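Please read it alongside the sequence and coordinates shown here.

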Amino acid sequence: MSSPLPPFPKPQEPVAAPQLLELGARDDEPCLRADAARNRARLLEAAARLVKEQGAANLTMEAVAAAASVGKGTVFRRFGDRNGLLTALLDHSEKQFQAAFLSGPAPLGPGAGPVERLGAFGVEMVRRMHDELDLQLAAEPNAERRFSSPARRVLYSHVVLLLRQAVPNADSELLAQTLMGYLNPVLIHHLTRQCGMTLERLESGWLDLVARVACTEPPR
């Protein structure tokens, strides 16, 4: 990526339970008209597809406009500049993932047991980190905020909640930190791009880890 993403909002007090999180400023999307909202969603979908195919470093406003079949000026009016587009793209991805594990269909969402949900959570996170790796690396907080950024606190709180249900006698908070380390984009970058491990191996490794933690058999 040619330039760093702008900083995320300052962390707030810890939340008791996961909740949908607004990563961007609250006034950056003021009650969009239906057509404007559709245009924004189409632009973000096009940008996400380009990032997946070409990497975040190669994403340009012109390419997004062409992929979404709109004028370049539309992209600049909607997001301001490339950093604004990248931040909105990460914000959009985070909200979609949060909605999926908080209220989406099982096994990622409610309706499955805690062990199955934890397995599905990690598999989906590994896939997401893999598909958005350049973008996630660019947004990785510095050491002071790595464990307290708002987005990570929501993910961590969800893992703690599932662990409390799945392994009641464990120290869920410490165990959740260990499991979250497996899903860190820096580690996934090292394992996939530097060590040559496949996505399937990382997914299987996560399911095996969850099964060992919960003393169950991993899915075959």
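## Backbone features in the loops

In this predicted model, Ser-69 sits in the loop that links helix H2 (61-68) to H3. Its phi angle is near 60 degrees, a positive value in a residue other than glycine. Ser-69 is classed as exposed, since its relative accessibility is 66%. Cys-215, in the segment after H10, likewise has phi near 60 degrees, a positive value in a residue that is not glycine. With a relative accessible area of 70%, Cys-215 is exposed.

A further backbone feature concerns a peptide bond. The bond from Ala-106 to Pro-107 is cis, and its omega is near 10 degrees. Pro-107 belongs to the loop between helix H4 (82-103) and H5.

## Overall organisation

The chain contains 10 helices and 0 strands. Read from the N terminus, its elements follow the order α-α-α-α-α-α-α-α-α-α. Of the 220 residues in the chain, 42% are buried. Considering contacts between residues at least 6 apart in sequence, 68% join residues at least 24 apart.

## Packing of H1

Two packed helices are described by the angle between their axes and the distance between the axes. How do H1 and H3 cross? The axes of helix H1 (residues 34-54) and helix H3 (residues 72-79) come within 11 Å, crossing at roughly 100 degrees. Angles of 65 to 115 degrees count as roughly perpendicular, and H1 and H3 are therefore roughly perpendicular to each other. On the H1 side, the contact involves Arg-40, Leu-43 and Leu-44, which meet Thr-74, Val-75, Arg-78 and Phe-79 in H3. By class, this contact has 4 nonpolar, 1 polar and 2 charged residues.

Helix H1 also holds Ala-48. This residue counts as partly exposed, at 37% relative accessibility. The C-alpha atom of Ala-48 is separated by 9.2 Å from that of Asp-131, although the two residues are 83 apart along the chain.

## The buried side of H8

Which residues of helix H8 (residues 172-182) are buried? They are Ser-172, Ala-176, Leu-179, Met-180 and Tyr-182. These residues cover an arc of only 135 degrees around the axis, so they lie on the same side of H8. An α-helix has 3.6 residues a turn, so residues three or four places apart point the same way.

The buried residues of H8 are covered by parts of the structure that include helix H5 (114-131), helix H7 (150-166), H9 and H10. Exposed residues Leu-174 and Thr-178 are carried on the face of H8 turned away from its buried side.

## Salt bridges

Side chains of opposite charge can pair when their charged atoms come close. In the whole structure, 10 salt bridges are found. One of them joins the side chains of Arg-193 and Asp-134, with an N to O distance of 2.9 Å. Arg-193 lies in helix H9 (residues 185-194) and Asp-134 in helix H6 (residues 133-139), so this pair ties together parts of the chain that are 59 residues apart in sequence. Both partners are partly exposed: the relative accessible area is 48% for Arg-193 and 24% for Asp-134.

Another salt bridge is formed by Glu-140 and Arg-146, whose closest N and O atoms are 3.2 Å apart. Arg-146 is partly exposed, having a relative accessible area of 31%. A further pair, Asp-208 and Arg-212, meets through its side chains at 2.7 Å, N to O. Where do Asp-208 and Arg-212 lie? Both are in helix H10 (residues 199-214), 4 residues apart, which is about one turn of the helix. Asp-208 is partly exposed, with a relative accessible area of 28%, whereas Arg-212 is exposed, at 61%.

Key: Residues numbered from 1 in each chain as written. Predicted model: local features only at pLDDT ≥ 70, side-chain atom pairs only at ≥ 80, totals over all residues. Heavy atoms only, no water. Axes fitted to C-alpha atoms, helices over the stretch in contact; angles between N-to-C directions. Helix = DSSP H or I, 4+ residues; strand = E, 2+ residues; numbered from the N terminus. Parallel < 35°, antiparallel > 145°, perpendicular 65-115°, else oblique. Contact = heavy atoms within 4.5 Å. Nonpolar A, V, L, I, M, F, W, Y, C, P; charged D, E, K, R; others polar. Salt bridge = Lys/Arg side-chain N within 4 Å of Asp/Glu carboxyl O. Buried < 20%, exposed > 50% of the residue type's maximum accessible area, 1.4 Å probe, protein only. Arc of directions from axis to C-beta.
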